[in-house]
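Here is a friendly set of notes to read alongside the structure. Take the points in order, and keep the 3D view open as you go.

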Amino acid sequence: MAERTAEQTAERATGMRHRTVTGPGGRIHLVEQGSGPLVLLVHGFPESWYSWRHQMPALAAAGYRAVALDVRGYGRSARPDAVEAYRMTELVADNVAVVRALGEESAVVVGHDWGAGIAANSALLEPGVFRAVGLLSVPYTPRGGPRPREVFAGMGGDEEFYVAYFQEPGRAEAEIEPDVRGWLAGFYAALSADTMPAPGAPDPHFVRRGGGTLRERFPSGPSPAWLGADALDFSAGEFERTGLTGALNRYRNMDRDWEDLAALDGAPVTQPSLFVGGALDASTAWLADAIAAYPVTLPGLVASHVLDGCGHWVQQERPAEVNRLLVEWLAAVAPVDSAAGGAVDGGRVSGAPS
C-alpha cells in the first residue's frame with residue numbers, strides 16, 4: 001500500500017501515468033506522459049522504463065505522448081518461462097500491441113541498447129506502424145553474416161566475450177543474483193564515461209575463461225555522476241524482485257533471430273531515423289563501420305551524433321543534450337501543432353529519483 005501511495009504521489013507531481021495493457025506474451029507495463037503524436041521508448045539491458053525518466057517530461061512539453069514500457073521479462077511486464085518467448089519477433093509484436101492498445105495507428109519508436117535493435121526491427125517488420133526510428137548507443141547493423149553464436153564464441157582469444165557468457169542459461173544469474181545492487185552498480189560504472197576502467201585495464205566486456213566473472217573487472221570507487229542512490233535503489237529493487245533470467249533471455253535468442261529474420265538479410269531501414277551514441281562507448285568504436293555505412297543501411301537518416309566524452313548510458317549521462325536532439329529530430333519527422341508544444345526541459349523529472 002505504501003508503494004502504491006508513493007507511486008500515486010509521483011504521478012500527481014510529474015504527470016506520469018502507470019498502466020498495463022495486454023500483449024501476445026501477457027501483461028505489458030508502461031508509463032506515459034503528455035499528449036500528441038505517440039513516441040514509444042524502448043529500454044535496453046539491464047534497465048527498465050525508468051531509464052527514460054529524463055526524456056518523458058521533455059517530450060511531453062514539446063507536444064508528444066511519451067510512452068516508456070518495461071520490455072517483456074523486465075519490471076512489471078510478463079516474464080514467460082520459455083527462453084524462445086524472448087525472440088525478436090515476439091518483442092516487435094509487443095510493441096505493436098502497445099500502439100494498438102493506446103488507440104493509435106502509428107508511432108515513432110526510439111530504443112537504447114537492446115532497445116535500439118528492437119526499435120530497428122519494429123521498423124523493418126511493421127513499417128506501417130512505426131513511421132520513424134531513433135537509435136541510441138547501438139548502431140544499426142543489418143541481419144547477415146555467420147550464425148551469431150559462432151561469431152561471439154570466436155571473440156576474445158584467451159578471454160570470453162560477455163555476450164557468449166550471457167548466452168548460457170543460469171551462468172550469469174549465478175554471478176549477479178546473490179548481490180544484484182552491487183553488480184548493477186559495477187556494471188553501470190564500467191560503461192559510464194566518468195567511471196569506466198582506464199585504458200589498458202582489463203576490459204569489462206570480457207571474462208577470464210575457466211571461472212572468471214564480469215564483476216571482477218568492474219571499477220571500484222564512486223558511482224557515475226548520473227547514478228544517484230535512489231536511481232540505483234529503483235533498478236536494484238526491480239531486478240531483486242524479478243531476477244535476471246527474463247532480461248538475459250534476449251541474449252539467448254540471437255541465433256533464433258538470425259533464423260527468423262533471414263528474409264531481412266541486408267535490409268535497410270528506410271524510415272526517417274536518428275542515431276545518438278557516446279564517443280567512449282565500446283559499441284560506437286566496435287561498430288564504427290556500421291555507422292560509416294549509414295548512407296546505405298539508413299537511407300532515411302536525418303541526423304547522426306556521437307557525443308564527446310559520453311559513455312554507453314547516453315540518455316542518462318547526457319539528458320539535456322539527448323532531449324534536445326530528440327525534440328529537434330521529432331520536429332522534423334513527426335511535427336506537432338505549435339499550439340500544443342512547449343519548452344524543452346532538459347532537467348530531471350520533478351518528484352522522481354535522479
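1. Let us begin with Ser 235, which touches Leu 184 and Tyr 188 when residues up to four places away in sequence are not counted; contact here means heavy atoms within 4.5 Å. Ser 235 is found in helix H9 (residues 229-242). Helices (H or I, at least four residues) and strands (E, at least two) are DSSP runs, numbered from the N terminus. With a relative accessible area of 12%, Ser 235 is buried, a word that means under 20% relative accessible area, against over 50% for exposed and in between for partly exposed (1.4 Å probe, protein chains only).

2. A word on the background: this is a predicted model, in which local features need pLDDT of at least 70 and side-chain atom pairs count only at pLDDT 80 or more, while totals for chains, interfaces and linings use all residues. Residues are numbered from 1 along each chain as its sequence is written, and side-chain values use heavy atoms, with hydrogens and water left out.

3. Next, look at helix H4 (residues 114-125). Its 12 residues reach 16 Å from the first C-alpha to the last, close to the 16 Å expected at 1.5 Å a residue (the expected span is 1.5 Å times one less than the number of residues). Because 10 of its 12 residues are buried, H4 is largely enclosed by the rest of the structure. Among the buried residues of H4 are Trp 114, Ile 118, Asn 121 and Leu 124. The partners of the buried residues of H4 include strand E3 (38-42), helix H3 (88-101) and helix H11 (254-260).

4. Now the largest pocket, with a volume of about 1,200 Å³. Of its 45 lining residues, the closest to its centre are Trp 114, Val 138, Thr 141, Phe 152 and Met 254. H4 gives the largest share of the lining, 6 residues. A pocket is an open set of points on a 1 Å grid over the protein atoms alone, where a 1.4 Å probe fits, with protein on both sides within 12 Å along at least five of seven lines; lining residues have an atom within 4 Å of a point. The volume is the space filled by probe spheres set on the points, which are joined across faces, edges and corners.

5. Finally, is Leu 325 buried or exposed? Leu 325 counts as buried, at 5% relative accessibility, and is found in helix H16 (residues 319-333). Leaving aside neighbours within four places in sequence, Leu 325 is in contact with Leu 274, Val 276, His 305 and Leu 307.
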